[in-house]
Amino acid sequence: MEGMFSPWLLTVPAHSTASGTLLSVAALMLFFTHLSVFASDVHNFCFTHHYDRMSFHYTVLLMFSHVISICWAAMGSLYAEMTDDKSLRCFALTILMLNGAMFFSRLSLEFLAIQYREESH
(Lines give C-alpha, C1' and ligand atoms only; values in the text may rest on other atoms or scores of the structure.)
Protein backbone atom coordinates (compact mmCIF):
# COMPACT_ATOMS: atom_id res chain seq x y z
CA MET A 1 0.00 0.00 0.00
CA GLU A 2 2.88 2.37 0.70
CA GLY A 3 4.25 1.96 -2.82
CA MET A 4 1.07 3.36 -4.37
CA PHE A 5 1.51 6.85 -2.94
CA SER A 6 4.81 8.29 -4.03
CA PRO A 7 5.94 11.80 -3.03
CA TRP A 8 6.38 12.99 -6.62
CA LEU A 9 2.61 12.91 -7.11
CA LEU A 10 2.21 15.71 -4.58
CA THR A 11 4.82 18.06 -6.04
CA VAL A 12 3.92 20.98 -8.24
CA PRO A 13 5.34 20.88 -11.76
CA ALA A 14 7.64 23.77 -12.67
CA HIS A 15 5.49 24.84 -15.62
CA SER A 16 2.45 25.49 -13.41
CA THR A 17 4.26 28.31 -11.61
CA ALA A 18 5.15 29.91 -14.92
CA SER A 19 1.60 29.39 -16.21
CA GLY A 20 0.10 30.96 -13.09
CA THR A 21 2.39 33.95 -13.33
CA LEU A 22 1.69 34.35 -17.03
CA LEU A 23 -2.07 34.20 -16.53
CA SER A 24 -1.91 36.70 -13.66
CA VAL A 25 0.24 39.11 -15.68
CA ALA A 26 -2.12 38.82 -18.66
CA ALA A 27 -5.08 39.54 -16.36
CA LEU A 28 -3.17 42.52 -14.94
CA MET A 29 -2.61 43.91 -18.43
CA LEU A 30 -6.31 43.54 -19.23
CA PHE A 31 -7.09 45.21 -15.90
CA PHE A 32 -5.03 48.26 -16.86
CA THR A 33 -6.79 48.39 -20.23
CA HIS A 34 -10.18 48.21 -18.53
CA LEU A 35 -9.10 50.83 -16.00
CA SER A 36 -8.15 53.28 -18.73
CA VAL A 37 -11.45 52.79 -20.59
CA PHE A 38 -13.37 53.08 -17.30
CA ALA A 39 -11.53 56.28 -16.32
CA SER A 40 -12.28 57.78 -19.72
CA ASP A 41 -15.97 56.88 -19.44
CA VAL A 42 -16.24 58.26 -15.89
CA HIS A 43 -14.58 61.47 -17.05
CA ASN A 44 -16.99 61.80 -19.99
CA PHE A 45 -20.03 60.88 -17.87
CA CYS A 46 -19.38 62.89 -14.70
CA PHE A 47 -17.17 65.84 -15.62
CA THR A 48 -17.38 66.82 -19.29
CA HIS A 49 -20.90 65.44 -19.94
CA HIS A 50 -19.87 64.33 -23.45
CA TYR A 51 -21.97 61.20 -23.43
CA ASP A 52 -21.41 60.51 -27.12
CA ARG A 53 -17.70 59.88 -26.39
CA MET A 54 -18.42 57.02 -24.00
CA SER A 55 -17.86 53.41 -25.01
CA PHE A 56 -21.54 52.40 -25.34
CA HIS A 57 -20.93 50.76 -28.69
CA TYR A 58 -18.41 48.35 -27.16
CA THR A 59 -20.31 47.34 -24.02
CA VAL A 60 -20.68 43.68 -25.02
CA LEU A 61 -17.03 43.43 -25.98
CA LEU A 62 -15.93 45.11 -22.74
CA MET A 63 -18.07 42.83 -20.58
CA PHE A 64 -16.78 39.75 -22.41
CA SER A 65 -13.24 41.01 -21.93
CA HIS A 66 -13.91 41.52 -18.21
CA VAL A 67 -15.14 37.94 -17.89
CA ILE A 68 -12.07 36.62 -19.71
CA SER A 69 -9.84 38.70 -17.45
CA ILE A 70 -11.54 37.36 -14.33
CA CYS A 71 -11.20 33.78 -15.63
CA TRP A 72 -7.50 34.26 -16.34
CA ALA A 73 -6.98 35.81 -12.90
CA ALA A 74 -8.84 32.92 -11.26
CA MET A 75 -6.78 30.35 -13.13
CA GLY A 76 -3.58 32.18 -12.19
CA SER A 77 -4.74 32.25 -8.59
CA LEU A 78 -5.42 28.52 -8.63
CA TYR A 79 -1.98 27.82 -10.03
CA ALA A 80 -0.45 30.14 -7.41
CA GLU A 81 -2.24 28.31 -4.61
CA MET A 82 -0.41 25.13 -5.59
CA THR A 83 2.98 26.76 -4.91
CA ASP A 84 4.68 27.69 -1.67
CA ASP A 85 5.44 31.24 -2.81
CA LYS A 86 3.33 33.58 -0.68
CA SER A 87 4.15 36.64 -2.73
CA LEU A 88 2.87 34.95 -5.89
CA ARG A 89 -0.32 33.93 -4.06
CA CYS A 90 -0.83 37.49 -2.83
CA PHE A 91 -0.17 38.91 -6.31
CA ALA A 92 -2.60 36.51 -7.98
CA LEU A 93 -5.37 37.07 -5.43
CA THR A 94 -4.90 40.84 -5.65
CA ILE A 95 -5.27 40.73 -9.43
CA LEU A 96 -8.40 38.60 -9.07
CA MET A 97 -9.93 41.06 -6.59
CA LEU A 98 -9.03 44.07 -8.76
CA ASN A 99 -10.60 42.49 -11.83
CA GLY A 100 -13.75 41.62 -9.89
CA ALA A 101 -14.03 45.15 -8.53
CA MET A 102 -13.49 46.62 -12.00
CA PHE A 103 -16.20 44.38 -13.44
CA PHE A 104 -18.77 45.53 -10.88
CA SER A 105 -17.70 49.16 -11.25
CA ARG A 106 -18.14 48.91 -14.99
CA LEU A 107 -21.53 47.26 -14.55
CA SER A 108 -22.62 50.02 -12.17
CA LEU A 109 -21.53 52.72 -14.61
CA GLU A 110 -23.45 51.04 -17.41
CA PHE A 111 -26.62 50.95 -15.31
CA LEU A 112 -26.16 54.59 -14.31
CA ALA A 113 -25.76 55.55 -17.96
CA ILE A 114 -28.85 53.54 -18.95
CA GLN A 115 -30.85 55.22 -16.18
CA TYR A 116 -29.64 58.65 -17.28
CA ARG A 117 -30.55 57.99 -20.91
CA GLU A 118 -34.04 56.85 -19.88
CA GLU A 119 -34.58 60.03 -17.86
CA SER A 120 -33.17 62.38 -20.51
CA HIS A 121 -34.86 61.02 -23.62
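Helices here are DSSP runs of at least four residues, numbered from the N terminus. Keep that in mind for the exercises below. The model is predicted.

**Exercise 1. The overall pattern**

Task: State how many helices and strands the protein has, and give their pattern along the sequence.

Solution: 
- Count the elements. The protein has three helices and zero strands.
- Read along the sequence. The pattern is α-α-α.
- Pick out one of the helices. Helix α3 covers residues 86-120.

**Exercise 2. Surface and contacts**

Task: Find what share of the residues of the protein is buried.

Solution: 
- Start with burial. Of the 121 residues, 31% count as buried.

**Exercise 3. Leucine 93**

Solution: 
- Partly exposed means between the buried limit of 20% and the exposed limit of 50%.
- Check one partner by distance. S77 is 16 residues from L93 along the chain. Their C-alpha atoms are separated by 5.8 Å.

**Exercise 4. Aromatic pairs**

Task: Say how many aromatic pairs the structure holds. Then classify the pair F31 and F32 and the pair F103 and F104, and state how exposed each residue is.

Solution: 
- Count the pairs. The structure holds three.
- Take F31 and F32. Their ring centres lie 5.6 Å apart, with 55° between the planes. Planes under 30 degrees apart count as stacked, over 60 as edge-to-face and the rest as tilted. The pair F31 and F32 is tilted.
- Compare with the cut-offs for burial. F31 is buried because its relative accessible area is 8%. F32 has 48%, so F32 is partly exposed.
- Take F103 and F104. Their centres are 5.3 Å apart, with 75° between the planes. This pair is edge-to-face.
- Classify both residues. F103 has 17% relative accessibility, so F103 counts as buried. F104 has 55%, so F104 is exposed.

Notes: Residues are numbered from 1 along each chain as its sequence is written. This is a predicted model: local features need pLDDT of at least 70, side-chain atom pairs count only at pLDDT 80 or more; totals for chains, interfaces and linings use all residues. Side-chain values use heavy atoms; hydrogens and water are left out. Helices (H or I, at least four residues) and strands (E, at least two) are DSSP runs, numbered from the N terminus. Rings of Phe, Tyr and Trp (its six-membered ring) pair if their centres lie within 6.5 Å; planes under 30 degrees apart count as stacked, over 60 as edge-to-face and the rest as tilted. Buried means under 20% relative accessible area, exposed over 50%, partly exposed in between (1.4 Å probe, protein chains only).
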